[in-house]
Amino acid sequence: MVCFLPEIKYKYNVCPATNQKTKGTCLTVTAFDKSSFKVGVAPETLRRTNLGSLKAGSPVNLERSVLATTRMGGHFVQGHVDTTAELLSVTPDGNSLVLRMQPKDRSLLRYVVEKGFIALDGASLTITKVKDGEDGWWEVMLIAYTQEKIVTSKKKPGDSINVEIDLVGKYVEKTVQGYFEGQTNGDAAALEKMVDRLVEKKLQSTGKV
């Protein structure tokens, strides 16, 4: 596991170079040598992520940008962090670890589904359990191999984790919302009636009404 803390330089208006995901955050490398690299970190990045809490010696997950010719597994991770989550508990299950966490922005729970994808500190992981609501949370399981490769497995309850929601859910929501709003001219009551009719039609087709 190549895991080291880059020297963070708050430099803006630098010329774009290669991108490097650091703790799941897509950052532009502004300078590098054989043992380290520097990146520019914008205020928006500091607001959305936990990079501002890093200290000298803090370990981070690192990943280079994928090539279009690369064999792809997991899901597409952009490095555009949506929010952070608090680690609530770490529970052993055989040689695996079950991590339960709660997002700072609870509204993002609507995109989190059991057996769906999520990126935590840049690692593409599978959701194993979800609880919705204001006190909602989700769980993921880290197998032994993953525990060796990412620093997230070393975190303790109360620690912060960068979260990137699967982009597909956002696109689907916006597309469906736009379609229905177009059909109803933005009338919420009309939209509700349309949904009721669709549900009733489905129930009738299955013989449940």
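Biologist: Which residues have the most contacts inside the largest nonpolar core?
Modeller: This is a predicted model, where local features need pLDDT of at least 70, side-chain atom pairs count only at pLDDT 80 or more, and totals for chains, interfaces and linings use all residues. Residues are numbered from 1 along each chain as its sequence is written, and side-chain values use heavy atoms, with hydrogens and water left out. A nonpolar core is a set of buried Ala, Val, Leu, Ile, Met, Phe, Trp, Tyr and Cys residues joined through side-chain atoms within 4.5 Å; buried means under 20% relative accessible area, exposed over 50%, partly exposed in between (1.4 Å probe, protein chains only). The largest core has 21 residues, and those with the most contacts inside it are Met101, Ile118, Leu120, Trp138 and Val140.

Biologist: Which elements give two or more residues to this core?
Modeller: Strands here are DSSP runs (E, at least two residues), as are helices (H or I, at least four), numbered from the N terminus. The contributors are strand 6 (83-93), strand 7 (96-103), strand 8 (117-120), strand 9 (123-131), strand 10 (137-142) and strand 11 (160-165).

Biologist: Which residues belong to the second, separate core?
Modeller: That core has 8 residues. Among them are Leu27, Phe37, Leu54 and Val60.

Biologist: Is Phe76 buried or exposed?
Modeller: Phe76 sits in the loop between strand 5 (62-64) and strand 6. Its relative accessibility is 61%, so Phe76 counts as exposed.

Biologist: How many salt bridges does the structure hold?
Modeller: A salt bridge is a side-chain nitrogen of Lys or Arg within 4 Å of a carboxyl oxygen of Asp or Glu. Side chains of opposite charge can pair when their charged atoms come close. The structure's total is 7.

Biologist: What separates Glu44 and Arg47 in helix 1?
Modeller: The two form a salt bridge, with the closest N and O atoms 3.2 Å apart. Glu44 is partly exposed at 38%, while Arg47 is exposed at 60%. They are 3 residues apart in helix 1 (residues 43-48), which means a separation of about one helical turn.

Biologist: How many residues apart in sequence are the parts tied together by Asp121 and Lys155?
Modeller: Their side chains meet in a salt bridge (2.9 Å, N to O). Asp121 lies in the loop between strand 8 and strand 9, Lys155 in the loop between helix 2 (144-149) and strand 11, so the pair ties together parts that are 34 residues apart.
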